[in-house]
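Visitor: I am new to this structure and would like to be guided through it with a few questions. Could we look at it together?

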Amino acid sequence: MGDEVLHTIVGPAAQEVTGSLRTRDPHEAKARKSVVLAYLNDIWRSLREGPKRLTQKQIVALAGEAYRELVSSFDDNPGSPETWKQLVLLQIKGMAQDARERWFGPAVDPILAKHRLVVDSDSRSALIAAVGVSLSQASVRLAQNAGGDYSPDTVVSRFPPLELNRQPNPTPPSADVTTGDGGPTIREMSEKKLAMKGKGHATTEATETALRLFESFHGQKPMAAISRREVADWIELLQRKPTQPDKDHRSLGLRELVTAYAERSDVPRLSGKSINGHVGHLNSIWTWARQRGHIDRSLDNPFSEQRVEERAPAADEGFTPAQLQAIFNLPVFTQGTRPLGGRGEASFWVPLLLLTYGNRPEEICQLLVSDVFFDDEEKAWCLRITDEGTHPMKGARNIKADGNPLVRRTLPVAKRLLDLGFAEYVESLKKAGELALFPKLTTKGKRRYLHSSFAAWWGKYLRENGAIPEAGNKPLRGFRDAWTTAAARSGLTEEEREWIQGHYIGKGKTSNRRYGVRDFGAKIDAVSYKGLDLSRLRGRKLP
């Protein structure tokens, strides 16, 4: 009413709604009456038409109104930066799923009322979440103002003008780069590239993470509108992003996350390697889109030449000799015990296979019975590391380098494994009709990894028995690092180690040859661990 927003509570038995026009001037009262009647007519029409579904663009535009309202109310005299930083922390808590309506619903209602909108529950929930983020962004902006920073607001440009005449599409439009206002977005090109190249789940997920981080700062801009400066600003924020934010903070945008952790010097930040990985994924998409004519070849790639310095990783030799001995002195190896969480014989054979070959845990856990066979030509038991075939629990298998066939390899079964009854174990599985080498392993998480749940039990088992400290070791990955160290000390060349462990080397490198069992595979038995005594181990076969 005038410059005010009036709130009237209407009970279920109300027959009429009355309210003051807040003026004694008859001319002003007449003008205000016309405004109120027009407003009410729009409300009645919205109610007759039923709840509307908002588009994503409309939701972002409405959230922008909340952003501009809060910033404009306080930017002249914002007060103390600490006040706004504390508000950001409170708003973060308010973003929890069960708290959003209580925290941000009251801010959404006036926005909807202003535009005479009656929306469906999904649109309201999405708008509440968007307004929560925009208000957090506004608080960050006001904290900057309070600290004397009135540089141009790069956030406000993310919010488009509100257009209410356009009806939402019932289904998302296809990514057609020949149409649209400003050309394709990098997300559209990412979807095309990943679909065409058939990349694995890990690459797809890593690309999605890079896109999400970029869009949380710059939105879904057309590729032609992305500048080098914007990418550089994004990278600068990535360098201040916490590596593992608290669970309640993971829904925050990049800028809000950085602000929330600004005073938390105890929290590790993203490494240079991780940042370069994010930039590299988007750089690859841009290059691919330009090569295939989806964008103008004359456009500068803003993600190129944007690498940050990487610190050389600290040398990690994996488990120490004392830790390895403590591990293989545990009852599961020396007394034949099989704890429930160890998933049967997996508790015995998986660690031994990792110790012997230094492979990735998932490569071992997803092995099939058919991957272990006797090669008549080589006259040796062999172990095949491959992504071919289907696992009965996991489905499609995967190996590193997106299934590059050069990473598939066949290795001899080491003598120590044969002495412990590995061949007999495999034969017993065949007789039982099992397909998986470790049939009791189950998948976990979106990636459907078999090693994940086993790794959780294995780490707990080692720590409860004092084999490794409470922190500092990777219970399964430690075998891979320990094998690399032992293999180097045993005289294996880098090329031999790379091939056995399944590292893909770029084109033109000899490590990409199919060496076979007699060549590099024969080096398996040459790898020895200093001081490790496995004489107490007791193998165990399935009945």
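Visitor: Is Lys400 buried or exposed?
Guide: In this predicted model, Lys400 is found in the loop between β4 (395-396) and β5 (409-412). A residue counts as exposed when its relative accessible area is over 50%. Lys400 has 52% relative accessibility, and therefore this residue counts as exposed.

Visitor: Which residues form a positive surface patch?
Guide: The loop residue Lys400, placed between β4 and β5, is one of the members of this patch.

Visitor: How many of the 8 residues of helix α19 are buried?
Guide: Helix α19 covers residues 494-501, and its buried residues are Glu496, Arg497, Glu498, Trp499, Ile500 and Gln501. The helix is largely enclosed by the rest of the structure, because its buried residues number 6 of the 8.

Visitor: What covers the buried residues of α19?
Guide: Trp499 and Ile500 are among the buried residues of this helix, and the cover over such residues includes both helices and a strand. Among the elements that provide this cover are α13 (346-357), α14 (361-365), β5 and α18 (477-489).

Visitor: Which residue follows α19, and what is its phi?
Guide: Helix α19 takes in residues 494-501, and Gly502 follows this helix. The phi of Gly502 is positive, near 80 degrees.

Visitor: What percentage of the residues in the protein chain is buried?
Guide: The secondary structure of the chain comes to 19 helices and 5 strands. Of the 543 residues in the protein chain, the buried ones make up 43%.

Methods:
Residues numbered from 1 in each chain as written. Predicted model: local features only at pLDDT ≥ 70, side-chain atom pairs only at ≥ 80, totals over all residues. Heavy atoms only, no water. Helix = DSSP H or I, 4+ residues; strand = E, 2+ residues; numbered from the N terminus. Buried < 20%, exposed > 50% of the residue type's maximum accessible area, 1.4 Å probe, protein only. Patch = residues over 30% accessible without salt bridge, like charges linked within 9 Å, V, L, I, M, F, W, Y side chains within 5 Å. Areas by Shrake-Rupley, 256 points an atom, 1.4 Å probe, with all protein chains shown as cover. Salt bridge = Lys/Arg side-chain N within 4 Å of Asp/Glu carboxyl O. Lys, Arg positive; Asp, Glu negative; His and termini not counted. Charge placed at Lys NZ, Arg CZ, Asp CG, Glu CD. Contact = heavy atoms within 4.5 Å.
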